[in-house]
Amino acid sequence: MENQIEEIKKKLDIVEVINKFVPLKKRGRHFVACCPFHQEKTPSFVVSPELQIYKCFGCGKAGDVFNFVEEYNRIDFKDALEDLAKMAGIKLVRSSKLSGEESIKKRLFEINRESAKFYNYILLKHKLGKEALEYVKKRNLSEETINKFLIGFAPRDSRLIINFLLKKGYKIEELIKTGSFGKSQYKEGQSYDRFSDRLIFPQIDFRDRIVGFSGRILPSRNNPNLAKYINSPETAIYHKSQMFYGLNLAKESIKKNNLAIIVEGELDMISPFQAGIENVVAIKGTALTEDQLQLIRRYADTLILALDSDFAGNKAMIRSIELADKMDYEIKVLDLEEKYKDPDEAINSDIDFFKKKIKEAETIWDFILTSGIKNYGIDSPRGKKLILTTVLPFLAKINNLVIRADYLKKVAEKIDSSEESVVEEFKKYLKILNNVDSSKIEKKKMEEIEPADMRERLEERFLILALRLKNPKTAIKLLEWQTLRFKKIGEKISKFKKFKAEKISDELDPELKDIFNTLYLKALEEESGSEERKKERSKIINQIKELELKDRLKSLSGIIANLEASGDEKEIAKVEANYAQILTKLAILQRARS
Ligand SMILES: [Zn+2]
């Protein structure tokens, strides 16, 4: 395993790998980008081909190609290893290291894949799927789409799928763990398929793994006791809060457009996708979770919510909007003008209308105001008050103060009130809000900032400047290093005749290696010219000398105080002369500085 990791690292260039996810720009000896892990406008995310590492000087995230893939895709090391091996074209020797939990998960993915293929076959090729296929065709889904999304049909007789899977070598206990199958309460020893007699939408995650299923009942089975949709329960591999339906197919387009359209339910995702509007993903229910928001943050800055028109009244959704706003998303809302009940219907009736509405999508704040006005009217004071009651909680969530001020103004205009009175209402609301909050939350004390060690800081800065030199050796020798980690790095550098960052990095202990890598990247980031850097280096040497002199003065004055107590005049005179000497040196240094 260890060897294979090294082999993968050798085969892959970190710049190429990261560039697949985040477009990199060359700058000097390395590559930069706006950090994918925090929000920023100027790039502080650096990738070094020499050291084969990345580092963000904004948020501090750093590491090698494995760390990047783990962090970026939010997966664990084992999964990153698999992905990178694939990229490198290396076949992993399956070690027995796969933990129990992991091998179970792997089996569950396999069972789900087999089940999906089975259902898909029944739908497209088997007479048992005929009625379902007619229904799907009526919903305008092409065969290509059916295959892309692996849509299928689960036959009413559960034994068909269960026997199929058992024959493949899976055990009944494993089938039950996928969440798709249950043990019959009526017939001892019998199991059943939860999704039986339903149209099947495999839930495929963004890494192309089938994590669960969603089953829709066919319209002909109108039995009021049966839910229209049923979903897999939470299992070891299915977590509803992390799932975006369609993201595996939509992510490229979302990234290209820097925009994700969020819909509710599978068909509302599939229809636009099939019609060429590919940057769509679906959620279950009307709220976006923090996990989902983080997942899609890598692909887009703007979200268009195309959800149930009532979504804004939903508490979980208010929380989602607040989260999304904090993550600096631009949030817009698709308004189908009550002409169509959902995206699926709109696409199938009038795709141009849908496209136009996507272009015209208004910001969430405008949308909330507009719907408030629509619902309550502005003709009566009561209506205005109700509008404010809906709008103000959202307003309080807006992070950006400029947007908030603009919006207050807009609210006043739209409901035909004075800006002052709206602001007054808003302040009242905030007051109530704050009272509630402060009773709950105890204010944290500001942590005291530890005074940084001056010497350490100067040495660090000096080392950075030195690392910018073709060979830092000579410069490093000019300092009497006191900080142990810098001293050790300096010693390592001095051992090499020629300076080669990757060689030095390789030979350092892991802890020192990280420090060295960071300092080296900082050195390459240094923007000052070589003359300027030279001046700064000599300035630091002087500052350090100054510190040393001050230090000695301090200890000498201690000695003098002791001697005075003992009354040794001769000795006192000697030490005082020494003191005066140092004082003169210090004065000269300080004069030179100014
Ligand atoms: Zn960052």
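This is a predicted model: local features need pLDDT of at least 70, side-chain atom pairs count only at pLDDT 80 or more; totals for chains, interfaces and linings use all residues.
Let me begin with strand S9, residues 198–204: seven of its seven residues are buried, so the strand is largely enclosed by the rest of the structure. A residue is called buried if 20 or more other C-beta atoms lie within 10 Å of its own, exposed if 12 or fewer, and partly exposed in between, with C-beta atoms placed from the backbone. Helices (H or I, at least four residues) and strands (E, at least two) are DSSP runs, numbered from the N terminus.

Residues are numbered from 1 along each chain as its sequence is written.

The chain is divided into domain 1 (2–88), domain 2 (100–238), domain 3 (242–360), domain 4 (367–437) and domain 5 (454–590). These bounds come from an automatic or database domain assignment. The C-alpha centres of domain 2 and domain 4 lie 48 Å apart.

I return to S9 and its partners. Two strands pair if DSSP finds at least two bridges between them. Strand S6, residues 152–154, is paired with S9 in the antiparallel sense over three bridges, and alanine 154 has arginine 198 in S9 as its bridge partner. S9 also pairs with strand S10, residues 210–217, again in the antiparallel sense, over seven bridges. Here leucine 199 has arginine 216 in S10 as its bridge partner. Five residues lie between the strands in the hairpin of S9 and S10, where aspartate 208 takes a positive phi near 70°.

Strand S1 (residues 25–27) pairs with strand S2 (residues 30–33) in the antiparallel sense over three bridges, and the bridge partner of lysine 25 in S2 is valine 32. The hairpin of S1 and S2 has two residues between the strands, and glycine 28 takes a positive phi near 65° there. S2 in turn is joined by three bridges to strand S3 (residues 45–48), and the two run antiparallel. Phenylalanine 31 stands opposite valine 47 in S3.

Next, helix H4, residues 77–88. Which of the residues of H4 are buried? They are Ala80, Leu81 and Leu84. Seen down the axis of H4, these buried residues fall within an arc of 100°, so they line one face of the helix; the arc is that of the directions from the helix axis to the C-beta atoms. Just after H4, glycine 89 takes a positive phi of about 70°.

Helix H11, residues 266–274, has eight of its nine residues buried, so H11 is largely enclosed by the rest of the structure. Among the buried residues of H11 are Leu267, Met269, Ile270 and Phe273, and also Glu266 and Asp268.

Finally, I come to an open sheet of five strands, with the order S13-S12-S14-S15-S16 and mixed pairing. Its edge strands are S13 (280–283) and S16 (362–363), each of which pairs on one side only. Within this sheet, strand S14 (residues 302–306) and strand S15 (residues 330–333) pair in the parallel sense over four bridges. Leucine 303 has isoleucine 331 in S15 as its bridge partner.
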